[in-house]
Amino acid sequence: KGYSVSYIKDLNVFIKFYEMTFKKNNQVIQKKDVDIVCNIAENVIKKKDGKILSVKNSNNELSALQLFFYDKETIHAVAQPNHPKFIKDGVSTYIFLELFKICIEEGYKFIDFNGANSPKLGDMKHSLLGEEKLFFNITW
């Protein structure tokens, strides 16, 4: 449908979409939780350890965003807020496919979806046939 992909650095746009995503799901997000996500985004972008991927439609309307950061082998998909107006156009799937493309082109081995426990999103993540496991790494 004529979508284009680019990176943005405007955290205000990201936060607006993030809050909009919760609102469309009839969920309330606390300011402290928004602040945490904003701080993560700000720090990974400043340190060049992460980016905000954006998708615009053919009318140049921002449709979806994906905050991710990366380490040596893994892209970590932290948050994917989408504009409710475009959700039925498949922008969520499209931006995931773009993230997969980045992973392959830049030589990452893994994508961490940071959980597949959402009642509305878990099925999509599980449909990718990834290995389901609980884990975290601690290094020092």
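## Aromatic pairs

A search of the whole structure, which is a predicted model, turns up 7 aromatic pairs. Here, rings of Phe, Tyr and Trp (its six-membered ring) pair if their centres lie within 6.5 Å; planes under 30 degrees apart are stacked, over 60 edge-to-face, and the rest tilted. One of the pairs is Tyr 3 with Tyr 94, a tilted arrangement with 5.6 Å centre to centre and 35° between the planes. This pair ties together distant parts of the chain, 91 residues apart: Tyr 3 is in the segment before β1 (4-8), and Tyr 94 is in helix α3 (residues 91-105). Tyr 3 is buried, at 16% relative accessibility, while Tyr 94 is partly exposed at 25%. Buried stands for under 20% relative accessible area, exposed for over 50%, and partly exposed for values in between (1.4 Å probe, protein chains only).

Phe 68 and Tyr 70 form another tilted pair, 6.0 Å centre to centre and with 45° between the planes. Both residues are buried: Phe 68 has a relative accessible area of 2%, and Tyr 70 comes to 18%. Ring pairs also bring these two into a cluster with Tyr 7 and Tyr 108. Tyr 7 has a charged neighbour too, as the charged end of Lys 51 sits over its ring, 4.6 Å from the centre. That label requires NZ of Lys or CZ of Arg to be within 6 Å of the ring centre and within 35 degrees of the ring normal.

## Strand β3 and its partners

Strand β3 (residues 62-70) is mostly covered, with 8 of its 9 residues buried. Helices (H or I, at least four residues) and strands (E, at least two) are DSSP runs, numbered from the N terminus. Two strands pair if DSSP finds at least two bridges between them. On that basis β3 pairs with β2 in the antiparallel sense over 7 bridges, and Ser 54 has Leu 65 in β3 as its bridge partner. The hairpin of β2 and β3 has 5 residues between the strands, and Asn 60 there takes a positive phi near 65°.

Gln 66 lies in β3 and is buried, at 1% relative accessibility. Its side chain makes a polar contact of 3.1 Å with the side chain of Gln 80. A polar atom of the Gln 66 side chain also lies 3.2 Å from the backbone oxygen of Ala 79. A polar contact is a pair of N or O atoms within 3.5 Å; within protein, one must be able to donate a hydrogen and the other to accept it, and residues adjacent in sequence count only if both atoms are side-chain atoms.

## Strand β4 and the crossover

Strand β4 (residues 74-79) is largely enclosed by the rest of the structure, because 5 of its 6 residues are buried. A hairpin joins β3 to β4 through 3 residues, and the two strands pair in the antiparallel sense over 4 bridges. Within that pairing, Phe 69 has His 76 in β4 as its bridge partner.

Strand β5 (residues 110-112) runs parallel to β4, joined by 3 bridges, and Thr 74 stands opposite Phe 110 in β5. Together, β4, α3 and β5 make a right-handed β-α-β unit. Right-handed means that, with the strands pointing away from the viewer, the path from the first strand over the helix to the second runs clockwise.

## Confidence and conventions

The mean pLDDT (the predictor's confidence in each residue, from 0 to 100) of the chain is 83, and 81% of its residues reach 70 or more. Confidence is highest in strand β2 (residues 50-56), at a mean of 94, and lowest in helix α4 (residues 122-126), at 55.

Residues are numbered from 1 along each chain as its sequence is written, and side-chain values use heavy atoms, leaving out hydrogens and water. In this predicted model, local features need pLDDT of at least 70 and side-chain atom pairs count only at pLDDT 80 or more, whereas totals for chains, interfaces and linings use all residues.
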